Amino acid sequence: MSHSTSPQNQSFMDRFEENMIALLLGLMTLVTFANVVARYVFESNLLWALETTVFIFAWMVLLGASYGVKKTTHIGVDVLLNMVSPGVRKFLSICAVLACIAFALLLLKGSWDYWYPFITKRAWLETDDVPMFWFLRFLEDLVNEGEVYEKMPRFIPYFVLPLSMALLSIRFIIAGYEIIKGTRDGVIASHEAEELLDEVHTYGQHDDDLIKKNEAEENK
């Protein structure tokens with residue numbers, strides 16, 4: 001049993017990862033398409049397109065980690081859980097989610113320690129090709145002592161590290177609370193192997209029925 005909320009009842013923040021991933025996917029598609037048109041139609045090249053695409057893809061992957069926890073789409077092994085009683089299963093699930101929370105918090109600490117210097121003593125470091133947006137020029141006075149950024153500072157794309165790990169920690173905490181309440185079984189995609197086997201069996205049975213039907217028609 002997993003907890004789900006209809007899209008109409010979800011707030012924007014509750015669907016933050018979903019909205020961000022959709023936005024980033026559309027943006028990455030647009031940048032890639034524009035670069036292809038520039039290269040093959042105008043025989044030119046958008047120098048910033050490749051690096052921008054890499055950063056966007058990194059944002060999608062890292063935000064997808066917390067989204068996977070929310071949707072219970074992370075793959076795991078539940079053989080042991082299926083062999084024990086519901087009470088033991090709940091206890092093991094709580095232990096598992098506590099381990100996940102601890103791991104996510106360690107990742108959050110590490111990602112923050114890595115990102116923080118880029119907005120303080122290394123605020124002058126820029127990306128290789130990504131241009132600086134005009135509406136972010138206020139950051140020059142705020143963190144770069146008024147020095148003009150020729151390219152986008154690295155702390156902007158790197159911000160996804162602490163952001164995604166914070167979201168991951170929050171999603172694991174929510175998952176633990178729902179497991180304790182009994183509205184959720186665990187943090188992985190449960191019974192995925194069984195569902196795949198059922199699909200294979202269904203398609204196999206369908207094929208057998210078609211073969212038998214064809215043989216019966218040939219015998220008439």
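Trainee: Is Cys100 buried, partly exposed or exposed?

Mentor: Cys100 is partly exposed, at a relative accessible area of 22%. Buried means under 20% relative accessible area, exposed means over 50%, and partly exposed lies in between, using a 1.4 Å probe and protein chains only. This is a predicted model, where local features need pLDDT of at least 70, side-chain atom pairs count only at pLDDT 80 or more, and totals for chains, interfaces and linings use all residues. Residues are numbered from 1 along each chain as its sequence is written, and side-chain values use heavy atoms, with hydrogens and water left out.

Trainee: And Cys95, what about that one?

Mentor: Cys95 is partly exposed, with 34% relative accessibility.

Trainee: How many disulfides are there in the whole structure?

Mentor: The search finds zero. A disulfide here is a pair of cysteine sulfur atoms within 2.5 Å.

Trainee: New topic. Where does Phe16 lie?

Mentor: In helix H1, residues 16-40. Helices (H or I, at least four residues) and strands (E, at least two) are DSSP runs, numbered from the N terminus. Phe16 has a relative accessible area of 15%, so Phe16 is buried.

Trainee: Which residues is Phe16 in contact with, leaving aside its neighbours within four places in sequence?

Mentor: Leu163 and Leu167. Contact means heavy atoms within 4.5 Å.

Trainee: Now the rings. How many aromatic pairs does the count come to?

Mentor: Nine aromatic pairs. One of them is Trp112 with Tyr116, which is stacked, at 5.6 Å centre to centre and 25° between the planes. Rings of Phe, Tyr and Trp (its six-membered ring) pair if their centres lie within 6.5 Å; planes under 30 degrees apart count as stacked, over 60 as edge-to-face and the rest as tilted.

Trainee: Why are Trp112 and Tyr116 separated by about one helical turn?

Mentor: Because they are four residues apart in helix H4, residues 86-119. Trp112 is partly exposed at 40% relative accessibility, and Tyr116 is partly exposed at 41%.

Trainee: What sort of pair do Tyr114 and Tyr158 form?

Mentor: A tilted one, 6.1 Å centre to centre with 35° between the planes. Tyr114 is in helix H4 and Tyr158 in the loop between strand E2 (151-153) and helix H6 (160-181), so the pair ties together parts 44 residues apart in sequence. Tyr114 is partly exposed at 45%, whereas Tyr158 is buried at 18%.

Trainee: Which residues do ring pairs link into a cluster?

Mentor: Phe55, Tyr114, Phe118 and Tyr158.
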